[in-house]
Amino acid sequence: MSVSVNPIVSVAGLNKWFGDFHVLRDIDLLVGRGQRIVICGPSGSGKSTLIRCINALEEFQEGRITIDGIELGPNLRRVDDIRRDVGMVFQSFNLFPHLTVLENCTLAPIWVRHMPKKDADAAAMKYLERVRIPDKANAYPGQLSGGQQQRVAIARALTMTPKVMLFDEPTSALDPEMVKEVLDTMVDLAGEGMTMLVVTHEMGFAKEVASRVVFMDAGQIIEANTPDQFFANPQHARTKLFLSQILR
Ligand SMILES: Nc1ncnc2c1ncn2[C@@H]1O[C@H](COP(=O)(O)OP(=O)(O)OP(=O)(O)O)[C@@H](O)[C@H]1O
Ligand SMILES: [Mg+2]
């Protein structure tokens with residue numbers, strides 16, 4: 001298992017509590033540039049919370065998170081810097097219903113990056129082409145299928161030219177026939193060398209593109225391994241139980 005000497009994402013000694021509840025326990029995770037990490041585990045194990053900490057959507061009490069040299073810590077508020085570098089795609093798309101597809105994509109580049117509208121439009125169209133729905137640029141989210149909306153959400157994140165993309169169960173709210181088009185888009189992105197952390201139970205995707213699969217349970221990373229090793233030779237009883245349930 002090779003981790004580059006100079007990771008683009010580094011999580012070290014991360015601990016987080018919600019009140020008395022110890023939700024993340026001593027999380028260490030190094031992600032090399034261009035690596036794809038798939039995070040899986042039972043409901044409530046802390047996967048979303050971990051991803052949200054990496055994007056500065058959640059505070060944490062102990063440890064450090066560093067994204068391409070920018071450090072987030074309990075007392076370091078570098079939220080805007082981190083968000084500039086980290087794109088996020090949620091289960092529920094989170095598009096603005098009153099804005100067109102193109103306007104959804106250009107909102108942050110124009111208002112956060114101060115990009116001229118003409119340049120933002122051109123950048124957004126480039127990424128809408130990449131996710132293969134340029135023809136929907138002037139449609140509203142409500143006129144799109146779930147799979148199309150999720151591809152817009154991916155294009156919207158890419159329009160900010162992030163260094164790292166985070167996905168939290170991007171296909172779990174989709175009808176089965178739309179899962180593939182979103183996964184195909186993510187496979188393309190992986191092929192282009194994007195660094196990706198993906199919470200998903202799509203084990204076919206994990207086998208195809210993951211550099212490493214990370215299994216979480218009860219706030220801890222229980223096991224992390226290459227997909228080959230992870231699926232063929234799980235080390236821990238909890239991993240075996242989880243795999244037997246999910247691959248059933
Ligand atoms: N804002 C919050 N306040 C208190 N507890 C929370 C909060 N958000 C999450 N939790 C708790 O933290 C634990 C981890 O939640 P998290 O959403 O990270 O799990 P998950 O692994 O993403 O689960 P799922 O697979 O269901 O999405 C859960 O027990 C959850 O109830
Ligand atoms: Mg979750």
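Predicted model: local features only at pLDDT ≥ 70, side-chain atom pairs only at ≥ 80, totals over all residues.

**Around the ligand**

Let's start with ligand 1. Its surroundings are made up of F18, F21, V23, P42, S43, G44, S45, G46, K47, S48, T49 and E169. Sorted by class, that shell holds 4 nonpolar, 6 polar and 2 charged residues.

| Residue | Part of the residue | Distance to an oxygen atom of ligand 1 |
|---|---|---|
| S43 | N or O atom in the side chain | 2.6 Å |
| G44 | polar backbone atom | 2.8 Å |
| T49 | N or O atom in the side chain | 2.5 Å |

On its own, ligand 1 has 630 Å² of accessible area, and the protein covers 57% of that. Which elements give two or more residues to the shell? They are β2 (21-31) and α1 (47-54). The largest share, 3 residues, comes from α1.

**The four-stranded sheet**

Both of those elements turn up again here. An open sheet is built from 4 strands in the order β2-β1-β4-β5, with antiparallel pairing. Since β2 and β5 (70-72) stand at the edges with a single partner strand each, one side of each is left without a neighbour in the sheet. On average, and ignoring direction, neighbouring strands of this sheet are turned by 25 degrees against each other.

Now zoom in on β1 and β2. Strand β1 covers residues 9-18 and pairs with β2 in the antiparallel sense over 7 bridges.

**The six-stranded sheet**

A further open sheet has 6 strands in the order β6-β7-β8-β3-β9-β10, and here the pairing is mixed. At its edges you'll find β6 (86-89) and β10 (220-225), each of which pairs on one side only. From one strand to the next, the twist averages 20 degrees.

How do β3 and β9 pair, in the parallel or the antiparallel sense? Strand β3 (residues 36-40) and strand β9 (residues 212-217) are parallel, with 4 bridges. One residue to look for is C40, which has F215 in β9 as its bridge partner.

This sheet has a helix against it as well: α6 (residues 176-191) lies across β3, β7 (164-168) and β8 (195-199). The angle between α6 and β8 is about 150 degrees.

How values were computed:
Residues numbered from 1 in each chain as written. Chains lettered and ligands numbered in written order. Heavy atoms only, no water. Near = heavy atom within 4 Å. Polar contact = N/O pair within 3.5 Å; in protein donor to acceptor, adjacent residues only side chain to side chain. Areas by Shrake-Rupley, 256 points an atom, 1.4 Å probe, with all protein chains shown as cover. Nonpolar A, V, L, I, M, F, W, Y, C, P; charged D, E, K, R; others polar. Pairing = 2+ DSSP bridges. Axes fitted to C-alpha atoms, helices over the stretch in contact; angles between N-to-C directions. Contact = heavy atoms within 4.5 Å.
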